[in-house]
Amino acid sequence: MSEEKTNQQWGGRFNEPTDAFVARFTASVQFDQRMYEQDIRGSVAHAKMLTKVGVLTEAECADILQGLSEIQSDIESGNFEWSIELEDVHMNIEAALTKKIGITGKKLHTGRSRNDQVATDIRLYVRDEIDNVLLEITRLQQGIVGLARLEADTVMPGFTHLQTAQPVTFGHHLMAWFEMLSRDYERFVDCRKRVNILPLGAAALAGTTYPIDRHMTTELLGFTAPTENSLDSVSDRDFAIEFCAASSIMMMHMTRYSEELVMWASAQFNFINLPDRFCTGSSIMPQKKNPDVPELVRGKSGRVYGHLMSLLTLMKSQPLAYNKDNQEDKEPLFDAIDTIKGCLRAFADMVPAIEAKRDNMREAALRGFSTATDLADYVVRKGIPFRDAHEIVGKAVAYGIQQSKDLGEMSLEELQQFSDQISDDVFEVLTLDGSVSARDHIGGTAPNQVRQACDRAEQMLSLRS
């Protein structure tokens, strides 16, 4: 056994010091120190509440608040020494406070436990980071809308099964990304509601005999309400799981954007140019320009999915209330936060600088009979049932494949061999511009509809601020 001293914050019951390896193995200060600001914020509110209910004097409260302020300055200036022997961020700060102001520092922990303290810190931290994530989502959406407006008239092929389906515009395609992110934004906003409930006051698991005022600390810390059950308060990590679930869905969306960018930037598609500053080269092939940012974002989805599964597995079968297992909630949660913020920042910086290769997109839309559905709709408007129209156009496409001609390249006589209802006005619907402009309804591909969608999006984004 190590000769190190027992942890003086809780070691009264123990007859021998903690083994040195066990101290390192069970410590969390290496990663939970990032919550120092939230820990201090919670302690400030707790001290003010204890003063109001008469547990602390005004002078003691003033000493505690001054000491905590100095500790925060020390941490932020890099002059704070973190100790593994003190286990976590909470004990490190409490020990430093006691060293600064004496015995009064020991009174700060009256009426609370590390269990409700850490639950409060994590909720404060996640709440702060959700706000940061929401800002980055908004910034990315602003970039998407700007590019979509610029490319509202840029025709490109729309795909299903990665096969040419119908003409769309690049702007319309980008606004599909916007819609996915809008749902992500709403999920994080909704998650924040359940994060924003205060567990402080639950103490270890059964509340406290001190006359605490939980509504006061709720108000001081900006929470919506205090938790209703002390057992659930200290053991609940649903909010962390929900955050990782929302993050996983968003990362799934970002993998879809990433895959499209990787394909579009390839020589085979050649639809876009990604800015050089978001790409790298090859150590052996001098011609290469690798889309590393979207590829890496695509790859980082795996770690976020993994963190969701990690937290679900962590909480599986845990009896009430708090268990040491829960120390393992922070690293996956923190890494999920760091990962999604990094991915959002990369995309928010990159998307506005994407350059569309409009001629290549248009040329690709001319391949693959992308106006076939428009021809079918045209024949239906001439009085032919849709299923019959579908067969007529299918035969026209088969003929086009044999003759290596797109529908718009066929003569009127060639088209009329499939239906005598086809007349010379058919060519209005077989052009790419005519095709996209014809779908002139909300959610449609018409350029003016894309611009209206951009207008609505910008109005919505302006309301967030």
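A salt bridge, as the term is used here, is a side-chain nitrogen of Lys or Arg within 4 Å of a carboxyl oxygen of Asp or Glu. Please bear in mind that the model is predicted. By this criterion, the structure holds 34 salt bridges.

Consider, to begin, aspartate 128 and arginine 41, whose side chains form a salt bridge with an N to O distance of 2.7 Å. Aspartate 128 belongs to helix 7 and arginine 41 to helix 3, so this pair ties together parts that are 87 residues apart in sequence. Arginine 41 is partly exposed, at 24% relative accessibility.

Aspartate 236 lies in the loop between helix 10 and helix 11 (238–265), so here the parts tied together are 113 residues apart in sequence. Are these two residues buried or exposed? Both aspartate 236 and arginine 123 are buried.

Beyond its sequence neighbours up to four places away, serine 235 touches Met315, Leu320, Ala321, Tyr322 and Asn326.

Let us turn to helix 13. Aspartate 338 forms a salt bridge with arginine 34, the closest N and O atoms being 2.8 Å apart. Arginine 34 sits in the loop between helix 2 (29–32) and helix 3 (36–52), and aspartate 338 in helix 13 (residues 330–350), so the pair ties together parts that are 304 residues apart in sequence. Arginine 34 is partly exposed at 30% relative accessibility, and aspartate 338 is partly exposed at 36%.

Which residues are linked in a network of salt bridges? They are Glu136, Arg139, Arg345 and Asp349. Glutamate 136 is placed in helix 7 (residues 114–150) and is buried, with a relative accessible area of 18%. Leaving aside residues up to four places away in sequence, glutamate 136 touches Leu344, Arg345 and Ala348.

Finally, phenylalanine 80 is found in the loop between helix 4 (58–76) and helix 5 (89–101). Phenylalanine 80 is buried at 15% relative accessibility, and its contacts include Ile71, Ile75, Ile93 and Ala96.

Terms used: Residues are numbered from 1 along each chain as its sequence is written. This is a predicted model: local features need pLDDT of at least 70, side-chain atom pairs count only at pLDDT 80 or more; totals for chains, interfaces and linings use all residues. Side-chain values use heavy atoms; hydrogens and water are left out. Helices (H or I, at least four residues) and strands (E, at least two) are DSSP runs, numbered from the N terminus. Buried means under 20% relative accessible area, exposed over 50%, partly exposed in between (1.4 Å probe, protein chains only). Contact means heavy atoms within 4.5 Å.
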